[in-house]
Each structure stands twice: as structure tokens, then as C-alpha cells.
Amino acid sequence: MEKKEDPQGLQSVKRRLLMQGGPALLTAAAGVAGMAGAPAAAMAAETAATVLPAHKRWKLVFVNHVTTNPFFVATRYGIQDACALFGCDYQWTGSETAVVGEMVNAMNAAIAGQADAIGVAIVDPKAFNGPTEAALKAGIPVFSYNADAPAGSGNKRLAYIGQDLYKSGYHMGEKIVELVGSGHVALFIATPGQLNIQPRIDGAIAAIKASGKPITYDAIATGATIDVELPKIKAYYLGHQDVKGMFAVDAGSTQCVGQTMQEFHLTQKGIHGGGFDLVPRTLEYIHSSVLDFTIDQQPYLQGFYTVMEMVMYLASGGLTGPADINTGLKFVTKTTVDPYLKTSTRYEGNGSKAQIVPRSGPIVG
């Protein structure tokens, strides 16, 4: 994009967004706010001013369980773009290796630092109850994203933004039944009990059982980082070479299932595989028929929508904002993977450039 000091162009965008209203602004958010460079930042700030009165730069803190995991690259782009649009700053903190105590400490630090709003991946059913209550008591709104407290946990977060995790796992289990039919399968999970992935494996197991098909399974813990996950998945296969399918409920384990299947030529042996999320190597394995599928939970939206809800809560004095948002479930297969591979975007976390991605033809659900 050619960089020009063209106030008329900026004013045209502002007028158009004003005429079309809030929904048009949100649709245009990534394209306006995500552009690199100072001119784009100024544009985002001025655009935000068309829908919000002047306000301080709210500080939003996001507490995460695997801060360096590639899955959350797209989530952070979503946070960055929404913050640029609405005039906010954010901090990304928590734990690199799913240590709940480190996450709790980070959340307590955010409260002590007087954050304006907190987003937290609630990966433990009870550990975040105290910090959430303390934040709310201090007047700090708390939203969960990517992982949520289970019903009856007592956590009082205001809303959850993320995938319906049990339902997504159940649909994966149905896909496993369809692909395998009978025999033994492996179900890999990075960290058992963690609330962003445990509901998925529970759902998958429930679907397998409900099918009545003669399918047995093992649930195998792999670990929170790829360098730990890969050798465990390889070792499992080498010890269970009669397996008919290998599936995972997290991004890292899914990529490692693909790598293992490619290395040992498992597709040619009739073994099926699949899992979750849009890590670039996972998409390449689907394109080359190493994996059968992956499930997209739209991580960019988990960041963008959470900021949007935080901002609306702060801007309205708490009158609006909190609402659960299901960011969706979409199977990506050999027949649908090409658009993901032909573009590198912030929306999927495999590119940093802001862009409008062209598409044409019928929309297939």
C-alpha cells in the first residue's frame, strides 16, 4: 500500500463508517486498525473517535496458559487490532507451560496494577475464583476467553468468548467414528484436566461410546510444548502399531500427530488422523493427505471480540458488553484447505500484514 498523507482519504473512511454504523466499524476493524506503521495507528485512533467519546487509553490484561504457543499468534493479532481501533493498550501475560499458579500470580498482579479489564483463559475449575472475585470487587471487569469455568464452579466472570469446547469434541468423535469404523484409536491431549481441552476429549469419547461401534481408545497426555509432545506421540505409535487412528484435541499435539504420520507413512497404512487448529504445518499435512481434518475455532476472534466486550463494558459504564460468544466450529479438510494455504493473514496467525482477503463463488456451509 502506498503511503500518502491524504486527509481526504481518511475522512472518507470515517464518514462511511459513521453512515453505516457500529457493525460496519467492527467489520472493518482489522483492515483499518491492523495496518502497520504510524499513519495506520493515527487512522485507527481517529476512526475510534467517531464512535466513542474521548477516553483514557484503557489497559487490558490478558492472562494466558501457554503464552508462546503458536495457536495464540492469531489471538494476539485480534487483540492488537481491536486495541488499535478502540484506543487501548494491552499486556499479554501468564504462563508458558500451563502452570496455573503462574497464571493466578499474573492475574493478581493485574489487579494490583489497576488494570481496566482482565481477560483470562480459565483452565482450572476453581483456581481463578478468588482472583475473579477480587477483581470484580475492585471494579475490574473479568472476561474468560478460549477456556471457561464449568457450570457450578462458582466463578463469576462476566462472559465467555470462545468455542463450545464439549460440542466441538463431540463432533470430532463423530468424525472419528465415520473415518475409522472399528478398531483402536489414540486420543492425545496436551494437559489433561485443563478446561480449554479436557471438554473436547470428553466430548470425543462420549461420541465414540454413543455410536455403538467397536472402537476402543487410549487417552494420552503429551505435554504443553511441541518438543515434549512429539517424542511422546512417536513413542505411542511405535508401541501400538495396530492403531487405526491418531487424533488430538490441541494445536501442538495435532501438528505432532501429522509429523508422526508423515514420518512413518501411516496414511499409506490406512491410519487416519486429525485434530484442532490452524497451525501452518497442520494445514500442510491436510493438503498432502497426511491428516484427514482439523477444526478451526477462530482464534483471532477470541482476541478481537474479547477486547470489543471489554471496551463496550467500560464505555457504557457497565450497561452493555457482557455476552457469551461462541466463536464457532469449522472442519478444514483436503477439499477446503487451499484458501488457508494460499493466503497469509493475521486472521489465521500465519501472516502479519493487514489485508482484505478476496473471495468469489458460492459459499458452502
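**View 1. Asp324 and Arg157 meet through their side chains in a salt bridge, 3.6 Å from N to O.** A salt bridge here is a side-chain nitrogen of Lys or Arg within 4 Å of a carboxyl oxygen of Asp or Glu. The pair links distant parts of the chain, 167 residues apart. Asp324 sits in the loop between H13 and strand E11 (325-326). Arg157 sits in the loop between strand E4 (142-145) and strand E5 (160-162). Helices (H or I, at least four residues) and strands (E, at least two) are DSSP runs, numbered from the N terminus. The model is predicted: local features need pLDDT of at least 70, side-chain atom pairs count only at pLDDT 80 or more, and totals for chains, interfaces and linings use all residues. Residues are numbered from 1 along each chain as its sequence is written, and side-chain values use heavy atoms, with hydrogens and water left out.

Arg157 is buried, with a relative accessible area of 17%. Buried means under 20% relative accessible area, exposed over 50%, and partly exposed in between (1.4 Å probe, protein chains only). Asp148 joins Arg157 and Asp324 in a network of salt bridges.

**View 2. A salt bridge joins the side chains of Asp116 and Lys56, at 2.9 Å from N to O.** Asp116 lies in the loop between helix H6 (100-112) and strand E3 (117-120), and Lys56 lies in the loop between helix H4 (38-49) and strand E1 (58-64), so the pair ties together parts that are 60 residues apart in sequence. Asp116 is buried; its relative accessible area is 14%.

**View 3. Glu263 and Lys234 form a salt bridge between two helices.** Their side chains meet at 2.6 Å, N to O. Glu263 belongs to helix H11 (residues 251-263) and Lys234 to helix H10 (residues 226-239). These distant parts of the chain are 29 residues apart. Glu263 counts as partly exposed, at 41% relative accessibility. The structure holds 7 salt bridges.

**View 4. Six strands make an open sheet with parallel pairing.** The order is E2-E1-E3-E4-E5-E11. Strand E2 (88-94) and E11 are the edge strands, and each pairs on one side only. Strands of a sheet pair through backbone hydrogen bonds, either parallel or antiparallel. Two strands count as paired if DSSP finds at least two bridges between them. E3 and E4 pair in the parallel sense over 3 bridges. Which residue in E4 is the bridge partner of Ile118? The partner is Val142.

**View 5. Helix H13 lies across the strands E1, E2, E3, E4, E5 and E11.** H13 runs at about 140° to E1. Axes are lines fitted to C-alpha atoms, for helices over the stretch in contact, and angles run from 0 to 180 degrees between N-to-C directions. Thr306 lies in this helix, which spans residues 299-315. Thr306 is buried, with a relative accessible area of 0%. What does Thr306 contact, leaving aside its neighbours within four places in sequence? Its contacts are Phe62, Phe143, Tyr145, Ile161 and Leu301. Contact means heavy atoms within 4.5 Å.

**View 6. Strand E8 (residues 245-248) is covered on both faces.** Gly245 and Phe247 lie on one side, Met246 and Ala248 on the other, and all are buried. Strand E6 (residues 183-189) pairs with E8 in the parallel sense over 4 bridges. Here Phe188 has Ala248 of E8 as its bridge partner. E8 also pairs with strand E9 (residues 272-276), in the parallel sense over 3 bridges. Met246 has Gly273 of E9 as its bridge partner. From E8 the chain crosses through H11 to E9, and this β-α-β crossover is right-handed. Right-handed means that, with the strands pointing away from the viewer, the path from the first strand over the helix to the second runs clockwise.

**View 7. Gln255 has its place in helix H11.** Gln255 counts as buried, at 7% relative accessibility. Leaving aside neighbours within four places in sequence, Gln255 is in contact with Ile226, Val279, Arg281, Thr282 and Tyr285.

**View 8. The whole chain has 14 helices and 12 strands.** Of its 365 residues, 51% count as buried. Among contacts with a separation of 6 or more, 73% come from residues 24 or more positions apart.
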